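Hello,

Here is the structure you asked to have passed on. My notes on it follow below.

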Amino acid sequence: MAGWRRPEDGQSTLLFSPGTSLLHRANPLTSLALMLWMLSAAIILPTPAAAVLLAAAIAAGLLAGVGRRALERLAITMGPVGLALLLVHGFLVARPDLVPFGPVSVSPSGLAYALRVFVRLTTMLAATLLFVTTTHPGDLLKALDQRGVPPGVGYLVASPLLLIEPFSERARAIRDAQRARGLDTGGSWRARAAALPILLIPLITLALADLDHRASILSARAFRAQRRRTVIDAPADDRRQVWLRRALLLAAVLQLGLPLLWR
């Protein structure tokens with residue numbers, strides 16, 4: 001695939017971390033089905049059960065050797081979100097159960113709602129991180145091809161993950177080049193804000209120009225000439241994983257569908 005390079009053994013990318021854990025050795029479609037089940041479960045479970053699922057996802061990440069990287073990204077992403085939820089729903093939104101709390105008023109129901117939303121979002125993000133840190137997008141694309149998924153659909157699913165690494169490398173190269181020209185990217189927040197357009201404009205321009213290049217390469221390789229593509233080194237799969245995927249997908253659909261039917 002255009003622009004895609006498989007990492008060497010033991011080499012980490014921006015998201016994926018190589019390893020030999022059960023999650024690393026599982027077929028990518030099995031890991032994808034597990035992630036979808038966890039996403040659906042996080043939506044419908046009450047807060048305590050969702051917190052247990054979150055703890056299980058973190059424990060699985062630690063056992064797989066990707067827990068530290070996943071926890072760092074989880075904290076960086078969900079820290080500001082949790083603070084915003086606390087302030088908005090606990091203190092700013094007018095609710096009938098507001099009680100004095102020092103110079104301000106706080107809503108217990110608002111805090112409970114903020115906690116429920118925070119735990120659900122954190123669980124969903126943890127499930128996604130568990131998938132992307134243990135499953136290389138190239139292997140996911142091969143697994144989709146192996147199952148006869150149309151090449152365009154497989155590319156649509158896997159290409160965003162495949163493009164993250166080269167896009168990040170290009171962003172770092174632009175940042176280093178602008179720093180060499182005297183751009184201040186480490187000073188005050190005003191200096192950082194002023195530097196942002198100087199970094200983003202060439203990054204977006206190059207990304208748009210790259211689209212034509214990638215489309216030309218895919219056309220030259222007759223990307224859609226055949227409905228099914230031959231996979232030389234397809235990810236390992238067996239009947240147990242096939243049935244596990246079916247059970248997970250069925251559970252995910254039932255979890256979301258049954259509550260709607262009962263309302």
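How many helices and strands are there in the chain? The chain has nine helices and two strands. In sequence order they run α-α-α-α-β-β-α-α-α-α-α.

Please keep in mind that this is a predicted model. The mean pLDDT of the chain is 85, with 93% of the residues at 70 or more. Residues 1–5 have a pLDDT below 50, and this stretch makes 13 contacts in the model beyond near neighbours in sequence.

Overall dimensions and packing

Along the principal axes, the C-alpha atoms fill a box of roughly 70 × 60 × 35 Å. The chain has 263 residues, of which 34% count as buried. Of the contacts with a separation of 6 or more, 72% are between residues 24 or more positions apart.

Annotated segments

The unreviewed UniProt entry lists residues 34–62, 74–93 and 113–132 under "transmembrane region". Two of these segments can be set against the model. Residues 74–93 are 95% helix and 0% strand, with 26 Å between the end C-alpha atoms. Residues 113–132 are 100% helix and 0% strand, and there the end C-alpha atoms lie 29 Å apart.

Nonpolar surface patch

A nonpolar patch on the surface is formed by L83, L86, L87, V88, L92, V93 and L111. Together these residues have about 560 Å² of accessible area. Helix α4, residues 67–92, contributes the most to the patch, with five residues. L86 has a relative accessible area of 37%, so it counts as partly exposed.

Helix α6

Is helix α6 largely enclosed or left open by the rest of the structure? Helix α6 covers residues 137–146, and nine of its ten residues are buried, so the rest of the structure largely encloses it. The cut-off for buried is under 20% relative accessible area. The buried residues of α6 are P137, G138, D139, L140, L141, K142, A143, L144 and D145. Among the elements that cover them are α2 (28–44), α5 (108–134) and α7 (151–180). Just after α6, G148 adopts a positive phi of about 80°.

Regards

Notes: Residues numbered from 1 in each chain as written. Predicted model: local features only at pLDDT ≥ 70, side-chain atom pairs only at ≥ 80, totals over all residues. Heavy atoms only, no water. pLDDT = per-residue confidence, 0-100. Contact = heavy atoms within 4.5 Å. Patch = residues over 30% accessible without salt bridge, like charges linked within 9 Å, V, L, I, M, F, W, Y side chains within 5 Å. Areas by Shrake-Rupley, 256 points an atom, 1.4 Å probe, with all protein chains shown as cover. Salt bridge = Lys/Arg side-chain N within 4 Å of Asp/Glu carboxyl O. Helix = DSSP H or I, 4+ residues; strand = E, 2+ residues; numbered from the N terminus. Buried < 20%, exposed > 50% of the residue type's maximum accessible area, 1.4 Å probe, protein only. UniProt positions renumbered as here; feature names shortened; annotations may be inferred.
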